[in-house]
Amino acid sequence: MSTRFSLPALLESFFHHRMTKQRNASRATLASYRDALRLLILFAAERTKRKPCALTVADLDRDCVLAFLDELETKRKNTIQTRNARLAAIRSFFHHVATNDPAALAIAQRVLAIPVKRAHTEVTHHLTPQEFDALVAAPDQRTARGRRDRTLLLFLGRTGARVSEALGINVCDLDLDRARPQVLLRGKGRKERIVPIANDLAWALRAFMRERGLKLHEEQPLFVGTHGERLTRFGATHIVRRVVAAATLSRPELASKSVSPHVLRHTLAMTLLQSGVDLLTIQAWLGHAQVATTHRYAAADVEMMRRGLDKAGVAGSQPARFQPKDALLRLLEAI
């Protein structure tokens, strides 16, 4: 096999040329694709009893990829969404293989034909205003950590930022001197958007910055950990879990809910929707690429559906159930 078309060479050109130079992929996308292909290569190495550097494209054929995807769900307990995300990375690589290695075209085509697995669409979970207020009130305001935690919770719940967007904020991204404060968020795919800052969040941010000795226009991370480094996603998740445990004392129903930083984003979206804000505005606020993603909040709001039902005056008794006369139809109906 030509060195040019070896698996290491194809991987290197995939990341350095296709992903970086041609697609200008973000660092988050590069990391996600790298992790997916790394897992696949380790799986193939174990499957073939060969070292990763000795693998060829032929070792990553359709059967290998399908077995890998099955292992993600069965052994690693990945969700279908994660399985499909891994498959998207693998597909992208094999598009590159098909373009650059004619001898591996048949292998690439068979891998590219692997379908995306349909996933069950779960109901979008969110908190009530009372539950969110209990979370915000839970951190101990007598400690610096508690004041930071409260500010972070307010930021997530008032801006609807993804946790990666909130943790990526620098002080210079805040514009608190305006009559109506706002913040610059950097979302998926290098997309930027500006969202307003509520009054209570603006007050909390000003106090938090004074305490840390931060000034506007400084390119310093806003939310940091114990040692002054930028707070991580794991750290933010740990904060939310710790706060939920404390808030359960006043709101016992929180114990039965799965609360994550992303649930606070859902909570803002549902609050906006129930307040009469249109879906296009919510789409722009949350940074959704398609309004169909935002529409799930409308589908999840049962109370709005009930009000629509009452307004339409839809009622009446339940009609009698159809009873088939034919014996074969009755058999099928009984199944």
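**Exercise 1.** In this predicted model, which residue with a positive phi follows α1?

*Solution.* Going past the end of helix α1, one comes to Asn24, whose phi is positive, near 50°.

**Exercise 2.** Describe how helix α1 is placed against helix α4, and which residues make the contact.

*Solution.* Two packed helices are described by the angle between their axes and the distance between the axes. For α1 (residues 7–22) and α4 (residues 80–100), the axes come within 10 Å and cross at roughly 105°. Because angles of 65 to 115 degrees count as roughly perpendicular, α1 is roughly perpendicular to α4. On the α1 side the contact includes Leu7, Leu10, Phe14 and Met19, which meet a set of α4 residues including Ala89, Phe93, His96 and Val97. Sorted by class, this contact has eight nonpolar, five polar and one charged residues.

**Exercise 3.** Where does α1 bend, and which of its residues are buried?

*Solution.* The bend, of about 35°, is at Phe14, and Phe14 is also among the buried residues of α1, together with Leu7, Leu10, Leu11, Ser13, Phe15, Arg18 and Met19. These buried residues pack against α2 (27–48) and α4.

**Exercise 4.** Locate the largest nonpolar core and examine the contacts of Leu174.

*Solution.* The largest nonpolar core has 51 residues, and Leu135, Phe155, Leu174 and Leu222 have the most contacts inside it. Helix α11 (261–274) is one of the elements that give two or more residues to this core, and its share, seven residues, is the largest. Leaving aside neighbours within four places in sequence, Leu174 is in contact with residues including Phe155, Val183, Leu205 and Leu222. Apart from this core lies another, of 34 residues, among them Leu10, Leu11, Phe15 and Phe94.

Technical notes
Residues are numbered from 1 along each chain as its sequence is written. This is a predicted model: local features need pLDDT of at least 70, side-chain atom pairs count only at pLDDT 80 or more; totals for chains, interfaces and linings use all residues. Side-chain values use heavy atoms; hydrogens and water are left out. Axes are lines fitted to C-alpha atoms, for helices over the stretch in contact, and angles run from 0 to 180 degrees between N-to-C directions. Helices (H or I, at least four residues) and strands (E, at least two) are DSSP runs, numbered from the N terminus. Angles under 35 degrees count as roughly parallel, over 145 as roughly antiparallel, 65 to 115 as roughly perpendicular and the rest as oblique. Contact means heavy atoms within 4.5 Å. Ala, Val, Leu, Ile, Met, Phe, Trp, Tyr, Cys and Pro count as nonpolar, Asp, Glu, Lys and Arg as charged, and the others, Gly among them, as polar. The bend at a residue is the angle between axes fitted to the seven residues ending there and the seven starting there. Buried means under 20% relative accessible area, exposed over 50%, partly exposed in between (1.4 Å probe, protein chains only). A nonpolar core is a set of buried Ala, Val, Leu, Ile, Met, Phe, Trp, Tyr and Cys residues joined through side-chain atoms within 4.5 Å.
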